[in-house]
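Please open the model in your viewer and keep the sequence beside it. The stops below say what to select next and what is to be found there.

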Amino acid sequence: MSVADYHAPQIAERLADTLASMSPDGAMLSVQELAGFDQFHTGGLSATVRLTALLSVDAESNVLDVGSGLGGPARYIASTYGARVTGIDLSPSFVEAAIMINDRTSLGDRVSFQTGSALALPFPRDSFDVVIMQHVAMNIADRAALYAGIRNVVKSGGQFLTYDIIERTGTPAYPVPWSSTPEASFLLTEDGTRQALEQAGFAVDMWQVQGPEAAAAFQLPPGVQAPPIAAILGRPNFGQAVANLAASIADGRVAVLTAVLR
Ligand SMILES: C[S@@+](CC[C@H](N)C(=O)[O-])C[C@H]1O[C@@H](n2cnc3c(N)ncnc32)[C@H](O)[C@@H]1O
């Protein structure tokens, strides 16, 4: 299995340049300084702040971030709550990048990243107090296997947060950030997602669907041409992909789901 749009072979070189320009003297970087490119989901760092406030996380918590990308959400949880966070991602280039960024923060003892599939989580049963997954499910067709695997590694009474795009009145125009073509995009409806989660054994604690109002998250400040993450990813169609997602949220074809499960 591969996710072609998250294969970014030269990402390490681009990232090294960016990190060097941000901190030429090698000084440690903060979660806030990195947020322009390591929070890869609708709403960026402010969404992670809002989402993680919904969870019971503290310095004793063991947290798993499924599809951890460049690692911003994992680092935010470790730096804000003191938790130990493991990130797992299918893309070796993203995992390499996440580790490079980690090395420029003071969070290395609490945050780790490894390559692996959300559909074959390599952890014993009941390993984590909290599992988060932000903008990953859209790439995964077998939701039954995805949610059952997460249910297996989260402790009984623990929490699972999912923050993903769902289908509403139609399909988005492609490319979108998670896929250049419809073939690698597997959106479920709100009802389909809820059914799959409940069938995996989760109970819903919190459920929120954001419609057209969520499109505001994609507005760039005046004079800014592209979000900083675009330069790191080096994906030629990324600007179009973000514009298509924003338009598809604005016209109601897709929406943004936040759910906390127990
Ligand atoms: C849009 S990015 C989100 C990254 C991160 N969660 C964040 O919010 O910053 C989606 C990530 O999911 C990963 N991914 C997609 N399918 C996956 C799978 N089957 N198993 C693990 N990771 C996967 C991709 O490699 C990519 O890093």
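This is a predicted model: local features need pLDDT of at least 70, side-chain atom pairs count only at pLDDT 80 or more; totals for chains, interfaces and linings use all residues.

Begin by selecting helix H7 (residues 190-199), which lies across strand S5 (154-167), S6 and strand S7 (254-261), and which runs at about 160 degrees to S6. Helices (H or I, at least four residues) and strands (E, at least two) are DSSP runs, numbered from the N terminus, and the angles, from 0 to 180 degrees, are taken between N-to-C directions of axes that are lines fitted to C-alpha atoms, for helices over the stretch in contact. Residues are numbered from 1 along each chain as its sequence is written, and side-chain values use heavy atoms, with hydrogens and water left out.

Next, show the strands. Seven of them form an open sheet of mixed pairing, in the order S3-S2-S1-S4-S5-S7-S6, where two strands pair if DSSP finds at least two bridges between them. At the edges are strand S3 (111-115) and strand S6 (204-210), each of which pairs on one side only, and the twist from one strand to the next averages 15 degrees.

Now select strand S1 (residues 62-66) together with strand S2 (residues 84-89): the two run parallel and are joined by five bridges. Along this pair, Val 63 has Val 85 in S2 as its bridge partner, and Val 66 stands opposite Ile 88 in S2. S2 is largely enclosed by the rest of the structure, because five of its six residues are buried, buried meaning under 20% relative accessible area (exposed is over 50%, partly exposed in between; 1.4 Å probe, protein chains only). In S1, pick out Asn 62. Is Asn 62 buried or exposed? With 17% relative accessibility, Asn 62 counts as buried, and, residues up to four places away in sequence not counted, Asn 62 touches Arg 84, Ser 127, Phe 128, Asp 129 and Val 130.

Move on to helix H4 (residues 72-81), which is mostly covered, with seven of its 10 residues buried; among them are Arg 75 and Tyr 76. After H4 comes Gly 82, whose phi is positive, near 75 degrees.

In the loop between S5 and H7, select Pro 177, which is buried, with a relative accessible area of 9%. Apart from neighbours within four places in sequence, Pro 177 is in contact with Tyr 6, Arg 235, Phe 238, Ala 241, Val 242 and Leu 245.

Finish at the cavity. Which residues line the largest cavity? Its lining is made of Arg 143, Tyr 147, Asp 164, Ile 165, Ile 166, Leu 188, Thr 193 and Leu 257, and S5 gives the largest share, three residues. A cavity is a set of points, on a 1 Å grid over the protein atoms alone, where a 1.4 Å probe fits but cannot get out, and lining residues have an atom within 4 Å of a point. About 30 Å³ of space lies in this largest cavity, the volume being the space filled by probe spheres set on the points, which are joined across faces, edges and corners.

How values were computed
Contact means heavy atoms within 4.5 Å. On a 1 Å grid over the protein atoms alone, a cavity is a set of points where a 1.4 Å probe fits but cannot get out, and a pocket is an open set with protein on both sides within 12 Å along at least five of seven lines; lining residues have an atom within 4 Å of a point.
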